[in-house]
Amino acid sequence: EELPLPPSGDPRFLQLATQLLYGSESVPLRENRVAACQSISGTGALRLAADFLAAFIPPSTAVYFSTPTWPNHPSVFRAAGLPNIVEYRYWSASKVDLDFEAMKADLSAAPVGSIVVLHLCSHNPTGADLTRAEWMELADVVARQKLFPL
C-alpha cells in the first residue's frame with residue numbers, strides 16, 4: 001500500500017464502497033457521476049458533508065436530526081453555516097421503542113429540499129433500527145418531499 005494516501009482516501013476502498021452502495025452496474029457509476037471521500041469517523045463524515053452542502057445550498061435550509069441524537073451532530077452543521085436545525089421524532093420513551101409513525105409524520109411535513117440525517121443501522125444512541133418495510137416507506141417520504149438524505 002502506498003503512503004501517504006490521497007486527500008480523498010484509499011482509492012480501492014472508495015471504489016468498493018461505491019460499488020456496494022450503488023451496485024457495480026449502476027448507471028451513475030458507469031457514467032462516472034459518483035464522487036466519494038473517506039473520513040475518519042461518523043462525525044468527521046458529517047462535517048465533510050455539512051461543509052460541502054453549505055457551499056451549495058441556502059443557509060436557511062432545514063437540517064433534520066432524530067431525537068435523540070448526539071449533541072455534537074447539530075453543532076457540526078451550525079459550524080458549517082447551516083443553523084436551521086429541526087428535530088424529528090424517533091424514539092418513544094413511553095413505548096421504549098422507535099416511533100416510526102411520528103418520524104414519518106415529521107418528515108412528511110418537512111419543507112421540500114430539507115436535509116435529513118439518518119442512521120442506517122444501530123441508531124445511536126437508541127440502538128433501534130427501522131425494518132426493511134419501514135425503510136421502503138421512508139424512502140417514499142424522502143422522494144415525495146425531495147429531501148436530501150445523509
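The largest pocket here has a volume of about 1,800 Å³. A pocket, on a 1 Å grid over the protein atoms alone, is an open set of points where a 1.4 Å probe fits, with protein on both sides within 12 Å along at least five of seven lines; its volume is the space filled by probe spheres set on the points. Keep in mind that this is a predicted model, where local features need pLDDT of at least 70, side-chain atom pairs count only at pLDDT 80 or more, and totals for chains, interfaces and linings use all residues. Residues are numbered from 1 along each chain as its sequence is written, and side-chain values use heavy atoms, leaving out hydrogens and water.

So what lines the largest pocket? There are 33 lining residues, meaning residues with an atom within 4 Å of a point. Leu21, Ala45, Ala49, Pro149 and Leu150 lie nearest the centre. Two or more residues each come from H1, helix H3 (42-54), helix H6 (132-145) and strand E6 (148-149), and H3 gives the most, with 8. Helices (H or I, at least four residues) and strands (E, at least two) are DSSP runs, numbered from the N terminus. By class, the lining has 25 nonpolar, 8 polar and no charged residues; Ala, Val, Leu, Ile, Met, Phe, Trp, Tyr, Cys and Pro count as nonpolar, Asp, Glu, Lys and Arg as charged, and the others, Gly among them, as polar.

Now take H1. At its start, a side-chain oxygen of Asp10 comes within 2.9 Å of the backbone nitrogen of Arg12. After H1 comes Gly23, with a positive phi near 90 degrees.

Over in helix H6 sits Gln145. Is Gln145 buried or exposed? Gln145 is buried, because its relative accessible area is 13% and the cut-off for buried is under 20% (1.4 Å probe, protein chains only). Its side chain reaches the backbone oxygen of Ser108 at 3.2 Å, and a polar atom of that side chain lies 2.7 Å from the backbone oxygen of Ala110. Leaving aside residues up to four places away in sequence, Gln145 touches Leu107, Ser108, Ala110, Pro111, Val112 and Gly113, where contact means heavy atoms within 4.5 Å.

How values were computed. Polar contact = N/O pair within 3.5 Å; in protein donor to acceptor, adjacent residues only side chain to side chain. Buried < 20%, exposed > 50% of the residue type's maximum accessible area, 1.4 Å probe, protein only.
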